[in-house]
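Trainee: Please take me through this fold, one feature at a time.

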Amino acid sequence: MKWEQDVYCIYLLMFPSIPMTSSYDQILAIMRKRCSIRYFSDAPVDHESLKKILEAGRISPSVENVQPWHFHVIVDTALKTKLMETSCYGNFIAGASVFIVITCDRLSSAEAHCILWNPKEMEYSCAMAAQSMMLLATSMNIGSCWVSLHHGPAHSVMQLEGHQVVVGGLMLGHMKKSDEATPCEHQRKPMESIVTYHEKPKKKTGR
Ligand SMILES: Cc1cc2nc3c(=O)[nH]c(=O)nc-3n(C[C@H](O)[C@H](O)[C@H](O)COP(=O)(O)O)c2cc1C
């Protein structure tokens, strides 16, 4: 297309040393770069970066677009420590610059235009927001890790209302200098073991 060629020429003139990759490559590179970071440097995540990460959560997809999430931003070490004590596999929460507890508002199902056939999808929506935030954080060189929180204890520590369900927590922080250069190792199942192509049945030939 003509306009795309023009844009590319202008880009090459302006940034001759930076290769222009497609958004597919850029997004996949960020996905590959993301890995769970559990130990952080002492450098705080600044407010502007935090706002950008929260914006990524805000614009995430949700069932019937009910946006059932609420993001509780916690920087207070005492509260982070209390939540750490409620977690099974999160004995590092207090070391994160920011801990975001993601809750799902059960009442938001009333905002759906259709019946929500699968109420669990409200919480799945919150998980979508978590993934968006983790990827956006990665794009800004901010490390992240989801931490499982048991609804009951975390709910009492946070003094939440009954209609709020604790979905999980997200640690955010800057990586330690020593870890920055270490590429993430993703140990994943091979594609053929997780994908099944269900092809359309072939049409009968002949009579
Ligand atoms: C729903 C969910 C719950 C998780 N809970 C914890 C947790 O409690 N503690 C923890 O250290 N990591 C937790 N993780 C991170 C996983 O351990 C991690 O994503 C997985 O080992 C793959 O590694 P990677 O994120 O570095 O690719 C959780 C991840 C997800 C998606």
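Mentor: Begin with contact: two residues touch if their C-beta atoms, placed from the backbone, lie within 7 Å. Helices (H or I, at least four residues) and strands (E, at least two) are DSSP runs, numbered from the N terminus. This is a predicted model; local features need pLDDT of at least 70, side-chain atom pairs count only at pLDDT 80 or more, and totals for chains, interfaces and linings use all residues. Residues are numbered from 1 along each chain as its sequence is written.

Trainee: Which residues of H3 and H5 meet?

Mentor: On the H3 side, Lys52, Ile53, Ala56 and Gly57. They meet Ala129, Ser132, Met133, Leu136 and Ala137 of H5. The contact of H3 with H5 has six nonpolar, two polar and one charged residues. The classes are nonpolar (Ala, Val, Leu, Ile, Met, Phe, Trp, Tyr, Cys, Pro), charged (Asp, Glu, Lys, Arg) and polar (the others, Gly among them).

Trainee: At what angle do H3 and H5 pack?

Mentor: Two packed helices are described by the angle between their axes and the distance between the axes. Axes are lines fitted to C-alpha atoms, for helices over the stretch in contact, and angles run from 0 to 180 degrees between N-to-C directions. H3 (residues 47–58) packs on H5 at about 145°, with the axes 7 Å apart.

Trainee: How do the axes of H2 and H5 cross?

Mentor: At roughly 95°, coming within 9 Å; H2 spans residues 23–33. H2 is therefore roughly perpendicular to H5. The cut-offs are under 35 degrees for roughly parallel, over 145 for roughly antiparallel, 65 to 115 for roughly perpendicular, and oblique for the rest. Ile30, Met31 and Lys33 of H2 touch Leu135, Thr138 and Ser139 of H5.

Trainee: And how are H4 and H6 arranged?

Mentor: H4 (residues 77–86) and H6 (residues 151–158) pack at about 160°, axes 9 Å apart. They are therefore roughly antiparallel. H4 passes H6 in a right-handed crossing. Lys82, Leu83 and Thr86 of H4 make the contact with Pro153, Ala154 and Val157 of H6. By class, that contact has four nonpolar, one polar and one charged residues.

Trainee: What is the strand order in the sheet?

Mentor: Strands pair if DSSP finds at least two bridges between them. Here four strands form an open sheet, E1-E2-E4-E3, with antiparallel pairing. E1 (69–74) and E3 (142–147) stand at the edges with a single partner strand each, so one side of each lacks a neighbour in the sheet. The twist averages 25° from one strand to the next. Six bridges join E1 to E2 (residues 98–105). Histidine 72 stands opposite valine 101 in E2.

Trainee: Which helices pack on the sheet?

Mentor: H5 (residues 120–139) touches E1, E2, E3 and E4 (164–174), its direction making about 5° with that of E4. H6 touches E1, E2 and E4; its direction makes about 80° with that of E4.

Trainee: Last, which residues surround the ligand?

Mentor: A residue is near a molecule or strand if its C-beta atom, placed from the backbone, lies within 6 Å of it. The ligand is surrounded by Cys35, Ser36, Arg38, Tyr89, Gly90, Cys145, Trp146, Val147, Ser148 and His186. That shell divides into five nonpolar, four polar and one charged.

Notes: A crossing is left-handed if the near helix is turned anticlockwise from the far one by less than a right angle, and right-handed if clockwise.
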